[in-house]
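Here is a short briefing on how a fold is put together. Look at the sheet, then the helices, then the nonpolar cores.

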Amino acid sequence: MTGEENGWVKSADAWIADMGHEGDFGRKHILDTPMLARAALAAERGGTRALDVGCGEGRFCRMLAGRGWDVIGLDPVPRMLQAAQSHTDTACYVRGHGERLPFESEAFHLVVSYLSLLDLDGFDAAVAEMARVSAPGGSVLVANLNPFVTANPFHTWIEDGKGGKLFPIDHYPDARADWVGWRGIHVRNWHRPLETTMSAFIGAGLTLTHYGEPLPTGGDPARVARQKRVLWFHIMEWAKPAERP
């Protein structure tokens, strides 16, 4: 997937503008803190090389680099990499695809996918590649949309007949890609049931060491209330078995 077929090339400028310096609501108020906390625990286990797969404009790369990681960010969209490189000289950026990582095996102590797996057609291949480039004892750290959210791709609420609203889920077991849009961004996102996701990581030889569905820690109260009704995100950390003595 080059970024042309799934809308990211045309949406790059809108995305960069939408992220700004602080990121959107989900990143700033929900995901950044626990993602950085898990990265800090990974650093305590040793090693400093990190890879961000689908790094976009490089925001999380900069955050990791500021905490001592030697970071490479990978993305298929040239405009994203241009924006990333314009912000920092503390991370290295490479054009490439998650399904075919241009790195040697066992090269990184931490591999990150921060809301990027839902953009990839070749999901199983990308998971296998992240496992391949992880060093023994290293971690694959993933933030993703919860599958019950992607089973309602337009995030519509319906009246419940009692004056309230419900968040409907439909065709949950069926993996599919839907075109979604917001604030000038128009891209394809994948829905995959949780079983599909978990099976890919287990099949790649990884072991789940952390699963979380973080709550918001600030921001607009109306958005916080909605997020507490329907938890938008989950975080998973997977370990690559250490080499046997």
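V111 stands opposite V140 in β5. The strands β4 and β5 pair in the parallel sense over six bridges; two strands pair if DSSP finds at least two bridges between them. Strands (E, at least two residues) and helices (H or I, at least four) are DSSP runs, numbered from the N terminus.

This is a predicted model: local features need pLDDT of at least 70, side-chain atom pairs count only at pLDDT 80 or more, and totals for chains, interfaces and linings use all residues. Residues are numbered from 1 along each chain as its sequence is written, and side-chain values use heavy atoms, with hydrogens and water left out.

**Sheet**
- Seven strands form an open sheet with mixed pairing, in the order β3-β2-β1-β4-β5-β11-β10.
- β3 and β10 (207-212) are the edge strands, and each pairs on one side only.

**Helices on the sheet**
- Helix α5 (residues 123-133) lies across β1 (49-53), β4 and β5. Contact means heavy atoms within 4.5 Å.
- Helix α7 (residues 194-203) packs on the sheet and touches β5, β10 and β11.

**Nonpolar cores**
- The largest nonpolar core has 35 residues, and L31 and M35 have the most contacts inside it. Such a core is a set of buried Ala, Val, Leu, Ile, Met, Phe, Trp, Tyr and Cys residues joined through side-chain atoms within 4.5 Å. Buried means under 20% relative accessible area (1.4 Å probe, protein chains only).
- α2 gives the largest share of this core, seven residues.
- Leaving out residues up to four places away in sequence, M35 touches F60, V112, Y114, L141, V142, A143 and I235.
- A second, separate core has 25 residues, including L51, L101, F103 and L117.

Technical notes: Buried means under 20% relative accessible area, exposed over 50%, partly exposed in between (1.4 Å probe, protein chains only). Axes are lines fitted to C-alpha atoms, for helices over the stretch in contact, and angles run from 0 to 180 degrees between N-to-C directions.
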